[in-house]
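User: I'm new to this one. Can you walk me through a few spots?

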Amino acid sequence: MTKFVYALSEGNKDLKDLLGGKGANLAEMHNMGLPVPPSFTITTEACKAYLAEGAEPPEMAAQIDEHVEKIEQEIGKKLGDPNDPLLVSVRSGAKFSMPGMMETVLNIGLNDKSVEGLAAVTGNPRFAYDSYRRLLQMFGKTVLDIDGEKFESVLDEAKDAKGTKNDLDLDVDDLKKIVERFKAIIAEEHDTPFPQEPKEQLLEAVRAVFRSWNSERAVLYRRQERIPTDLGTAVNVCTMVFGNLGQTSGTGVAFTRDPASGHQGVYGDYLQNAQGEDVVAGIRNTMSLADMEGVDKAAYDELMGIMATLEGHYKDLCDIEFTVQDNKLWMLQTRVGKRTAEAAFKIACQLVDEGSISEAEALQRVNGDQLVQLMFPRFDESAPKEKIGKGMNASPGAAVGELCFNSPKAAELAAQGRKVILARRETNPDDLVGMIAAQGILTSRGGKTSHAAVVARGMGKTCVCGAEELLIDVNAETMTLPDGTVMKAGEVVSINGTTGDVFKGEVAVVDPPVVQYFEGTLSESEIEQDELVHAVHRLMTIADKQRALKVRANADTGEDALRARRFGAQGIGLCRTEHMFLGDRRPLVEKLILAETPQEKQAALDALAPKQKGDFVEILEAMDGLPVTIRLLDPPLHEFLPAQSELIAQHAMAQARGMDLKEDQKKIMAAVERMHEQNPMLGLRGVRLGLVIAGLFEMQAQAILEATAERKKAGGDPQPEIMIPLVAAVQELEIMKDAIRKVAVEVSEKTGVDLTQVPIGTMIELPRAAITAGEIAEAAEFFSFGTNDLTQTTWGFSRDDVEGSFFSNYIERGIFGVSPFETLDQGGVGKLVEIAAKSGRETRPGLHLGVCGEHGGDPASVHFFNAIGLDYVSCSPFRVPVARLEAGRASGTEEGSDFR
Ligand code: PEP
Ligand code: MG
């Protein structure tokens, strides 16, 4: 019989796949002897079965009963006992944390009878009825799918009648009436009354949590965070402990270090007389953890001890949810906490310095996406700015945008390419769409542990929360400033998530210190003194030392090449030569296309050659001593001619004026018509151009080789590699290679520099090339995988069209989790790369292999390329540090060295 339910003593922190993060860590804490309320966990397997079959596995209910009985024995109370009932919570908990995205039902076990028992044993009828109304409300909304507003409006009416806005002002009689009205809503909306039988409540709640795995916001969150859709959630059934029993009780969230700034020292929020949901929702303002010491010293001291124990045990920043019930501390959750990119780098190095982890482990605690965050621009300190408020620095960064007060609207504006700041009193999980769409998030309520802060940090999005002096009215869509000025939707604000400052209007941005570090403009002592920069420096050094994969850059100009080099590129993996045919060279390209005789053609090529040579000299000089892979012309030639529509319009205008086009315009028009292709990406491009347009590739090769000779004569160490694009058959490459070798002999003779050894290789960017790579390697001296075209041609997706048109549909339907143009499709395109790498090296042992498609700078793809033994990846200069870091992480054997 499959085991679907685990006692705490049967779990541990490594069973996250089965027990979810929360369940695995509750078990771990229990086994460490920490005070965890008696609990058990229903596995993700049960959830997956439920979602697949529409019903739970038949043996699950009996296993739950068995574990409920064990808890009943342990604490001496029975579920549903009319005199002194056991109450339990039912909480979701997936392998990866999805804060607030799934469901929770508290106070299971209360019914019309046991509520009286609870009132009697606690001597607190108000508490008992408040707990009952919470159960009815959560059960109604979550399990029975009744619109939550129906319950909220009853509560609001009751508060209005009392003239208060605070739930705590409702007395027991008010709550009894609310309970009756809630029950009536359920009976009316659901046809059957609220189930009085606790076991039925429990089973229904478990099913609802299973279903919440597929709620709209959970699906959206997973897509955003790239969490696989098929993991399912575990469900934790925990004995209720109450933080809302009065002032000697409370609930809080704590971090063993500051998750926003990475500062050492505990950090958190505490709320007296409250339940957990009240803290996370950010509805009431909390006190800091330090202030908790003043209200409950014993519980505070115990908590501090436990936090130190947990950090020592997990060797990482932990976040914790706890409750104090009548001065007794209970641990409700812990996990290795989410943190900002800045905190991640700092904390990894702090832990090394504290002797708790090795340098290699520290490298696994950060990732390329976080490094990208640190390279985003920040506000210019010296720029003029008008500060209008200050909140908590909940998630760092600089964001500028127009105010928008509602989430769907924010998504709509962002889709039009507008930049928005989502301004809300507080956010709740339904705001996820707006948070994803916005540049930054601004709230007037809630602390660093509020929903907005937790989710924004997880997404790496700038967030300022709890800016109380800014009155945000989401209905009126206004924000009133302390001086009475009213800002409306559409007006621009700038928010600084690193300091919490809010400014009116647009504030100028500058490069952050981490970019200055990569640019090489910081002195050694400046690096030393800035904790973040120093941490980046240390971890990059470890990555560089450890990685096998080399990192090159895609750069087409001397300037880009220099920046790439400063950023640590070990050469150029792709120099696209097409821009050398643009600008003032366009007329020369036109001449080439329009040439009618071989002489005219040669004259056009002769005019282009010196200009190209000049470009190559510049690039080879910038990358002196390092390899530079130069790709011969790839795009169809008509891309260099005016668009057909433009010419037709010119023609029509001329005719309207009773005139005709000039002779050369007519020729161009005829050429454009002649060269028009239905599918230019599958047309006359790449090596086909070299074969069809006599002399074109030879001219480019000559320019490269002459530039090389010139650099050598100037005392340089140029290392060009000539690359032929879009080869499908070895014959194409052989013909081109022979032609280029001939040029090499000629240029060698002319210049007196031996250029016959310059490597000539090819791109592998067509499925046929990948499949016949063994043959192609007979001619190719290196391969560079053009994974952009390879993805395009393997999937049959036009790369310029599909992403914006139907990819969101594909992602929503789970056909893929992320665009295959962004992260390599390992199962399809990756297979072709693997086949080509293997068969290429069988033909030519030691064949040098690289990647120059966009995937070369994508963290997950870098891990894949490393795993299949490629020699290097090449990416845009700005992503070079990311690729270096990920290549270092990929070569590690520590936990976490797989991608994530
Ligand atoms: C590729 O196809 O992956 C590639 C690098 O070439 P381009 O993007 O220029 O087609
Ligand atoms: Mg290509």
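**Loops, a helix and a metal site**

Analyst: Asp145 has 68% relative accessibility, so Asp145 counts as exposed. Keep in mind that this is a predicted model.

User: Where is Asp145 in the chain's layout?

Analyst: Asp145 sits in the loop between helix H5 (125-143) and helix H6 (148-162). Its phi is near 65°, a positive value in a residue other than glycine.

User: OK, what about Glu477, what is its phi?

Analyst: Glu477 is not a glycine either, yet it has a positive phi of about 55°. Glu477 is found in the loop between strand E20 (471-473) and strand E21 (478-480).

User: Which residues of H12 are buried?

Analyst: The buried residues are Ala299, Tyr300, Leu303, Met304, Ile306, Met307, Leu310, Glu311 and Tyr314.

User: And what follows H12?

Analyst: Lys315 does, with a positive phi near 50°.

User: Now the metal. Which protein donors does the magnesium ion have?

Analyst: The magnesium ion (ligand 2) has Glu765 (OE) and Asp789 (OD) as its protein donors, at 2.0 to 2.1 Å. Glu765 lies in the loop between strand E30 (760-764) and helix H30 (767-771), while Asp789 is in helix H32 (residues 787-795), so the pair ties together parts that are 24 residues apart in sequence.

User: Are Glu765 and Asp789 buried or exposed?

Analyst: Both Glu765 and Asp789 are buried.

User: Last one, Arg547. Why does it count as buried or exposed?

Analyst: Arg547 counts as buried because its relative accessibility is 13%, and the cut-off for buried is under 20%. Arg547 is in the loop between helix H21 (531-546) and strand E26 (550-554).

User: What does Arg547 touch?

Analyst: Leaving aside residues up to four places away in sequence, Arg547 touches Gln570, Arg884, Ala887, Gly888 and Ser891. With Gln570 there is also a side-chain to side-chain polar contact of 2.9 Å.

Methods. Residues are numbered from 1 along each chain as its sequence is written. Chains are lettered from A and ligands numbered from 1 in the order in which they are written. This is a predicted model: local features need pLDDT of at least 70, side-chain atom pairs count only at pLDDT 80 or more; totals for chains, interfaces and linings use all residues. Side-chain values use heavy atoms; hydrogens and water are left out. Helices (H or I, at least four residues) and strands (E, at least two) are DSSP runs, numbered from the N terminus. Buried means under 20% relative accessible area, exposed over 50%, partly exposed in between (1.4 Å probe, protein chains only). A polar contact is a pair of N or O atoms within 3.5 Å; within protein, one must be able to donate a hydrogen and the other to accept it, and residues adjacent in sequence count only if both atoms are side-chain atoms. Contact means heavy atoms within 4.5 Å. Donors are N, O and S atoms within 2.8 Å of the metal (3.2 Å for Na, K and Ca); water is not among the atoms, so sites may look incomplete.
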